[in-house]
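Biologist: I would like to learn how to read the features of a model like this one. Could we go through it together, one feature at a time?

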Amino acid sequence: MTTMSLPLRRLLDALPAGRQADARRRAARHEAVLADRLQRLYGHLPGHAAWLESLMTDVGCLMAARPAALQAVDAAREDDPTWFCAPTMLGYSAYVDRFGGNLRGVKERIPHLRDLGVTYLHLLPFLRPRAGENDGGFAVASFDDVDPRLGTVADLEDLTASLREAGISLCSDLILNHVADDHPWAQGAAAGNPHLRDFFHVLGREQADAYEATLGQVFPQAAPGNFTHVDAMGGWVWTTFYPFQWDLNYANPAVFAAVAAALLRLANRGIDVFRLDSTAFLWKRLGTDCMNQPEAHWLLQALRAIVDIAAPGVLLKAEAIVPTRELPAYFGAADAPECHLAYHSTLMTAGWAALAEEDASLVREVAAATPALPAGASWLTYVRCHDDIGWKHLLAEAGDISRLAAVAHFYNDGASYAAGTGFQGGLATNGTAAALCGFSSDPSDAALRRLLLVHGLALCFGGLPVLYTGDELAMANDGSYRDDPARAHDSRWIQRAPFDIVRYAERNDATTPAGRAYAGLRRLICLRRELPELAAGVPCTVLPSDDPALLALARGDGFRALLNFSGRSFAIDLGAYGGTGTLALAPWDQVWLHRGRPLA
């Protein structure tokens, strides 16, 4: 019998006898990484051994409380650890209120998701947010309560059960870096509780200035600076994002334990995937930009080990919008895995840049620089999301900020078919996919081909592709946010329109923009499902092309994608890509080949 450490015995002591064998097996596999990472982070602190025992007791209690239906999911996914890498996987991202009104309304939209082929639903923040301004729900006041506008915890559990029955995994945001200033931790700290005060960074002005000297700014116009003076705290609280979002102090082990417990409680309510928000910012170090520090990765690796022990059917997704070269770290290593999924934001950005430049060189460079995926991991590929397109993330590939400024001008300033709006001083863009593709000015075949082209890249590149709500219906920009004082300062609301029920009713009418977009996307999605080469982990290779606008990709031995990012037509010799004869590729069109045969 394997000798058990004292913390592991505490885990098993919390479980019923019938659950201990599985727990012993999982813990034996992951305990070394967990103990090592927590030792690196907190081993120098007094009382570390007792704290670790307490942590494992809490994990054991939450593991014991895991419902039988979710234990069955855990077992099935342990038997098939790459279940989320299959080409049958398709994601969909939406705000609860914008998509269905509330959680019960989302349940009513499950047939629409199934018709599209969705197997993964990311509902943007639905936990109880801060009263008043709350950054679209990303200022969380409670990890254990649902936003009352959207429903109850019972509604959430009912929705997760219905989604599970429909074969759809639910993804929730877990905001790791900060909580709202009206979260009980923050309120207790402001009321003078010394234990909770240590959950946050409270600095004097001189010390804050020393950090500020090397920090970037997330919202330099709407929320300049990284610190907010709070009288009740007697100093400057670290607030990377907005003044009402207080950064958590992960140098305090109590913070890690509290966040890990919050995750497991949500997992026990049926959440399958956690989008770990703002992972790059978790650890602070003087003299650095306080991003992507080694300790941030140790924290995520420890969190992954806990999940693998207590809820192995759950996935972790890194929301790390960083340059391509920095992305692989968020997957961890074979002996210390980190996140299962990571956003490939540079691929998304490069696709839009290619449309603007009518040149695929930036996509080719990003694709060629994309590292191979480790086993049991997947990129998350996408075209649009609730957030902006930040052009600066392509600076390493573009090499010149003026080049990116020209791309931003194309989308933001009415200089083209695109109807985007500038953000963060103009080096970012907001707008729905359809608006950026030209549907607003001319809902023509060209606009449709552009919409399908950027989605085709996300669907065939290699990963788990995610559609943003309404893109399947070519939904338009929503400018009504400008009339709402609580939202007018943030142009990201332009792509957060309510689900368009008129367009939804037109989805099967091929004479409407919504119907043509819906049919085109469903065709690509159905093709993808039948192609094993499009599973995550199958190598993606950039192939040579004679035209700068042509992106040619190979997936495995049998699949080729040819994508024309220009407004020109040209002929392609299919012999160079495993086929025969020539093919005329229309402006902004694409063709998928399987073993030399054109599919789309």
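Biologist: Where is the place of Arg197?

Modeller: Arg197 sits in helix H10. Helices here are DSSP runs of H or I with at least four residues, strands are runs of E with at least two, and both are numbered from the N terminus. Before we go on, note that this is a predicted model, where local features need pLDDT of at least 70, side-chain atom pairs count only at pLDDT 80 or more, and totals for chains, interfaces and linings use all residues. Residues are numbered from 1 along each chain as its sequence is written, and side-chain values use heavy atoms, with hydrogens and water left out.

Biologist: Is Arg197 buried or exposed, or partly exposed?

Modeller: Buried means under 20% relative accessible area, exposed means over 50%, and partly exposed is in between, with a 1.4 Å probe and protein chains only. Arg197 has a relative accessible area of 31%, so it is partly exposed. Its C-alpha atom is separated by 8.0 Å from that of Trp185, twelve residues apart along the chain.

Biologist: Which aromatic pair does Trp185 form, and how do I read such a pair?

Modeller: A pair of aromatic rings is described by the distance of the centres and the angle of the planes. Rings of Phe, Tyr and Trp (its six-membered ring) pair if their centres lie within 6.5 Å; planes under 30 degrees apart count as stacked, over 60 as edge-to-face and the rest as tilted. The search of the whole structure finds 23 aromatic pairs. One of them is Tyr42 with Trp51, edge-to-face at 5.5 Å centre to centre and 70° between the planes; Tyr42 and Trp51 are both buried. Trp185 pairs with Phe199, again edge-to-face, with 5.1 Å between centres and 65° between the planes.

Biologist: Why does the pair of Trp185 and Phe199 tie together parts that are apart in sequence?

Modeller: Trp185 belongs to helix H9 (residues 184-190), while Phe199 is in the loop between helix H10 (194-197) and strand E5 (202-203), so the pair joins parts 14 residues apart in sequence. Trp185 counts as buried at 14% relative accessibility, and Phe199 counts as buried at 3%.

Biologist: Which residues do ring pairs link into a cluster?

Modeller: The cluster consists of Trp352, Trp391, Phe410, Tyr411, Tyr417 and Trp588. Trp588 is in the loop between strand E23 (582-585) and strand E24 (590-594), and is buried with a relative accessible area of 11%.

Biologist: What is the phi of Trp588?

Modeller: Most residues other than glycine have a negative phi, and most peptide bonds are trans. Trp588 has a positive phi of about 55° although it is not a glycine. Gln424 also has a positive phi, near 55°; Gln424 lies in the loop between strand E16 (421-423) and strand E17 (428-430).

Biologist: Which ring does Arg507 lie over?

Modeller: A charge sits over a ring if NZ of Lys or CZ of Arg is within 6 Å of the ring centre and within 35 degrees of the ring normal. Arg507 lies over the face of Tyr504, at 3.9 Å from the ring centre. Arg109 is over the face of Phe99, at 5.8 Å from the ring centre.

Biologist: How many residues of H13 are buried?

Modeller: H13 is mostly covered, with 16 of its 17 residues buried. The expected span of a helix is 1.5 Å times one less than its number of residues. For H13 (residues 294-310) that should be 24 Å, and the end C-alpha atoms are 25 Å apart, which agrees.

Biologist: Which elements give two or more residues to the lining of the second largest pocket?

Modeller: On a 1 Å grid over the protein atoms alone, a pocket is an open set of points with protein on both sides within 12 Å along at least five of seven lines, and a cavity is a set where a 1.4 Å probe fits but cannot get out; lining residues have an atom within 4 Å of a point. The second largest pocket is lined by 29 residues, with Arg29, His30, Arg304, Asp308 and Pro337 nearest its centre. The elements are helix H2 (20-42), helix H4 (68-79) and H13, and H2 gives the most, with five residues.
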